[in-house]
Amino acid sequence: MPNPNTPKLPLDSSKCTTKQHKAKTLRIVTFVFCEENYGQILQAYALQRSLRDNYPKFDTKVIWGLPQAFSKKLYYFHRICGDSIYRFVRACKKRVLGSSIQESQAELDMRKRRGFNEFKQSHIALHASRLQHYILPQKHHYPELSGDIFITGSDQQWNDWGTAPKESLQGYAYSWLPYFTLEFAKPESTKIAYAASFGKRVFKNQAQQDYFKNALQDFTAISTREQAGVTMLESIAIKATCVPDPTMLLSREHYCKLIDSATLDLPSNLSESIFIYTYGDSAFGGDLLPKILGKYANVVAVASTYKPSDTYNATIQEWLACVRECKLMATGSFHGTCFAIMMNTPFFLMRISHNESESLNTRFETLLEVFGLQDRMVSSLEELESKIKENPPIDWGKVNERLKAWRKVGQEFLAKELEPHHASIP
């Protein structure tokens, strides 16, 4: 959830010129709230940067915020008292209790990852209205979030993440899914999904199928990040296309400029190091993985979930530099793999082995298949060590050609939907 102590973000919508007021508004709805997940912030940045570069006439911003999961108590309170009283009481409660609420240790830890808020302030244009609470029972509830075009994606925003209550009034309509299927958008708005992800292979029940079949009917175009997502939507008679993750819409040169424009504090001997991103899986040695791989080279490790005990706390630009400069990357991260491919850094991807999370491997499968790198996925610590010793080469020339073609797929999908709107602007 958003951190209540997050520094104030740039609210620049009030400073629009007359010309800007005439521009069509394009709003991105995606995960951008986290203060410890590098991939999450970079995918939001990349989608907005690509859209701004290619469609400069649009007023493009990312909506800040995360809707809260449905609460039956809040639902009844809202329905009985009405919207005005509901908002007034919540505002008073926040004002009275806000200063006395103690942060959890997890929240304190998350705030210690360096540079995340600074990166958002400097590199992501955020919509002026922060969405702190989404009143799920009502459609089209947020007039302040009006826009001509909405794009939802990327990351696993269509994964229910267990937010649907066990005793819901109308099933999935009361998870946070309505926010990420753009139910708040007015009927006249254009709705597009770019590289959306379910994080699974199949719908888990009929209620979920029914929800998405209804919620996505008025989208003008839908694309998913994994081929499994296309198959899922086809099973409910919804057409979709598989496209690259937003991070791959930008070039290696773009990210290198981002790295080189920042002040960096990098680990020593990085070019001879194994860079580990995401560790803790017992199948790969758990938290001992850095020590285990230390037999083969110097190790630099950054956890996907920040821990105060971490020896290296990288900013977003430093994290990118570690991917670019390291000798080898060992990762269990989708976005870690994306950047290893773009930076032409040898890598091994650690497959998720837990039965309850195995479906998350779908995002790895599509990515590796596109680049012909299926042999870079390992299923155990023993296989990882064996691969490191073997050190099989990667044909980066072939990979880069595929990357160029894959990027074009995403660009053409967006162009087909956005060019007509963009061309109509004086």
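The entries below record what I looked up.

I am working from a predicted model, in which local features need pLDDT of at least 70 and side-chain atom pairs count only at pLDDT 80 or more, while totals for chains, interfaces and linings use all residues. Residues are numbered from 1 along each chain as its sequence is written, and side-chain values use heavy atoms, with hydrogens and water left out.

Cores. I looked up the largest nonpolar core, which has 105 residues, and found that Ile 151, Trp 158, Phe 275, Trp 319 and Leu 418 touch the most other members. A nonpolar core here is a set of buried (under 20% relative accessible area) Ala, Val, Leu, Ile, Met, Phe, Trp, Tyr and Cys residues joined through side-chain atoms within 4.5 Å. Helix H2 (residues 38–54) gives the most to this core, with eight residues; helices are DSSP runs of H or I with at least four residues, and strands are runs of E with at least two. A second, separate core of 18 residues includes Leu 289, Ala 330, Phe 348 and Met 350.

Sheet. I then noted five strands in an open, parallel sheet, ordered S8-S7-S9-S10-S11, where two strands pair if DSSP finds at least two bridges between them. Strands S8 (298–302) and S11 (377–378) are at the edges with a single partner strand each, so one side of each has no neighbour in the sheet. S9 (residues 328–331) and S10 (residues 347–350) pair over three bridges, and Thr 331 stands opposite Leu 349 in S10.

Surface. Last, I checked Phe 88, which lies in helix H4 (residues 83–97) and counts as exposed (over 50%) because its relative accessibility is 55%.

Key:
Buried means under 20% relative accessible area, exposed over 50%, partly exposed in between (1.4 Å probe, protein chains only).
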